[in-house]
Amino acid sequence: MGTDRLQQIGALPKSKSNVFGLRRLAANARHQYDITSCGSVITPCFRRIRLINPRNNIFKTGQGCMKYQYSELSYIQFESLAIHLCFKLLGIGTESFSEGKDGGRDSRFEGTAEIYPSRSDPWKGLTIIQAKHTISYNKKFSDSDFFGIPSSDINLEAQKILKLIKEDNLKNYLLFSNRRLPAIANENIKLFLNSETGLPKENIGLIGIESMEKYLKVFSTIPYEVGLNPFDMPINIEPDELAQIIVAIRAGLKDLDNTTITKPIIRTSFERKNTINNLSEQYAKRIKSKIIEIAQIEEFLAMPENELIQSLYIESSDELSAKIVAMTNKDFKFDIVLERIIDLLIERDTDLKTNKSLTRIMIYYMYYHCEIGENEDAITA
């Protein structure tokens with residue numbers, strides 16, 4: 001049932017455009033019109049899932065590749081990831097990492113690159129490749145341990161690059177790291193290496209998490225080729241947006257404490273959704289036991305004055321849904337997935353840790369309203 005039909009039956013004013021109001025009205029309408037599928041009845045389905053390799057449970061969403069928690073990889077896995085990317089960017093002749101003369105681990109490619117930095121103007125000559133992995137979470141190229149002081153990694157690397165230019169006729173330098181690379185850091189590091197070694201800026205390449213995720217979207221088989229199974233590693237959850245939502249809801253629910261919930265909405269599709277997702281009956285009962293709190297959250301998010309919170313919610317739930325796909329395994333109960341998500345969120349944000357109960361209910365809300373977990377349309381599409 002679409003917006004026009006809801007307007008025709010008088011359930012929705014023609015001026016109303018709030019997506020949460022639509023969902024709430026649609027949920028009530030299900031009892032009268034037997035609307036049984038989740039989510040896509042009122043809003044378009046944004047999350048079409050394509051299986052890249054069923055043997056390894058590696059998925060790609062319609063919105064892009066999965067974001068891995070690179071800090072959880074071993075340095076050998078990270079080097080393998082960098083080499084496979086170089087096979088595509090530079091060429092199949094890229095050598096494996098090995099100990100260099102200075103004790104560092106380098107890879108090499110000699111010749112004309114396939115498509116890096118561009119297909120129209122590729123690098124030529126000897127390219128030295130390095131992969132610097134950190135086990136720390138949420139690090140940046142601009143952190144002082146990596147760049148900016150005499151003892152930092154890149155500052156120490158400058159002299160090694162200069163030696164390779166003199167002894168091996170190095171022409172290009174490519175550095176991978178599982179750190180974020182702000183634009184200003186990218187520029188400053190290239191300027192520094194240029195001033196210290198004489199290597200032109202256009203012959204220096206820095207590849208951080210953002211670029212790796214872009215390349216893995218284009219070369220979507222690489223995670224399978226290097227044996228990365230998303231279910232076997234912690235999922236990369238950044239809880240900032242959800243924390244803002246929780247804090248706002250915590251403050252807003254004080255005004256809804258006296259809201260009268262005359263009849264909790266128990267949708268006929270809930271049991272089917274549980275079957276599709278392999279959610280246990282006991283866990284489903286636990287979610288249903290919080291139906292009043294779920295209804296209060298829905299009421300809060302539907303308020304026009306909470307438009308900013310609504311936007312954050314849509315972004316947060318959509319991102320979380322895509323990441324849960326990589327964590328889901330048909331051999332595991334979905335209970336385990338939801339509990340792991342809740343644990344990770346609480347571990348990584350102090351606001352969520354302070355509001356553990358509300359964080360849990362928020363995840364229940366997302367599941368109950370078909371924002372996360374598989375739905376009928378995804379199975380039959």
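Where does Asn 355 lie? Asn 355 sits in the loop between α14 (350-354) and α15 (356-368).

## About the model

This is a predicted model: local features need pLDDT of at least 70, side-chain atom pairs count only at pLDDT 80 or more, and totals for chains, interfaces and linings use all residues. Residues are numbered from 1 along each chain as its sequence is written, and side-chain values use heavy atoms, with hydrogens and water left out.

Helices (H or I, at least four residues) and strands (E, at least two) are DSSP runs, numbered from the N terminus.

## Two buried residues

Asn 355 is buried, with a relative accessible area of 12%. Buried means under 20% relative accessible area, exposed means over 50%, and partly exposed is in between (1.4 Å probe, protein chains only). Leave aside the neighbours within four places in sequence, and Asn 355 is in contact with Ile 246 and Arg 250. Contact means heavy atoms within 4.5 Å.

Phe 78 belongs to helix α3 (residues 75-89). Phe 78 is buried too. Its relative accessible area is 1%. Again leaving aside neighbours within four places in sequence, its contacts include Leu 73, Ala 131, Phe 176 and Met 212. His 133 is another contact of Phe 78. These two residues are 55 apart in sequence, but 6.8 Å apart in space, C-alpha to C-alpha.

## The sheet

5 strands form an open sheet in the order β3-β4-β5-β6-β7, and the pairing is mixed. Two strands pair if DSSP finds at least two bridges between them. The edge strands are β3 (98-99) and β7, and each pairs on one side only. Strands of a sheet pair through backbone hydrogen bonds, either parallel or antiparallel.

Take strand β6 (residues 170-177). Of its 8 residues, 7 are buried, so β6 is largely enclosed by the rest of the structure. β5 and β6 run parallel, joined by 7 bridges. Ile 129 has Leu 174 in β6 as its bridge partner. The chain crosses from β5 through α4 to β6, and this β-α-β crossover is right-handed. Right-handed means that, with the strands pointing away from the viewer, the path from the first strand over the helix to the second runs clockwise.

β6 also runs parallel to strand β7 (residues 204-207), with 4 bridges between them. Tyr 173 has Ile 204 in β7 as its bridge partner. Leu 174 stands opposite Gly 205 in β7. β6, α5 and β7 make a right-handed β-α-β unit.

## Aromatic rings

The structure holds 8 aromatic pairs. One of them is Phe 147 with Phe 192: edge-to-face, 5.6 Å centre to centre, 70° between the planes. Rings of Phe, Tyr and Trp (its six-membered ring) pair if their centres lie within 6.5 Å; planes under 30 degrees apart count as stacked, over 60 as edge-to-face and the rest as tilted. The pair links distant parts of the chain, 45 residues apart: Phe 147 is in the loop between β5 (124-132) and α4 (153-168), and Phe 192 is in helix α5 (residues 183-197). Phe 147 and Phe 192 are both buried.

Tyr 283 and Tyr 364 also form an edge-to-face pair, 5.8 Å centre to centre with 85° between the planes. Tyr 283 is in helix α10 (residues 281-288) and Tyr 364 in helix α15, 81 residues apart. Both Tyr 283 and Tyr 364 are buried.

Ring pairs also link Phe 270, Phe 334, Tyr 367 and Tyr 368 into a cluster.
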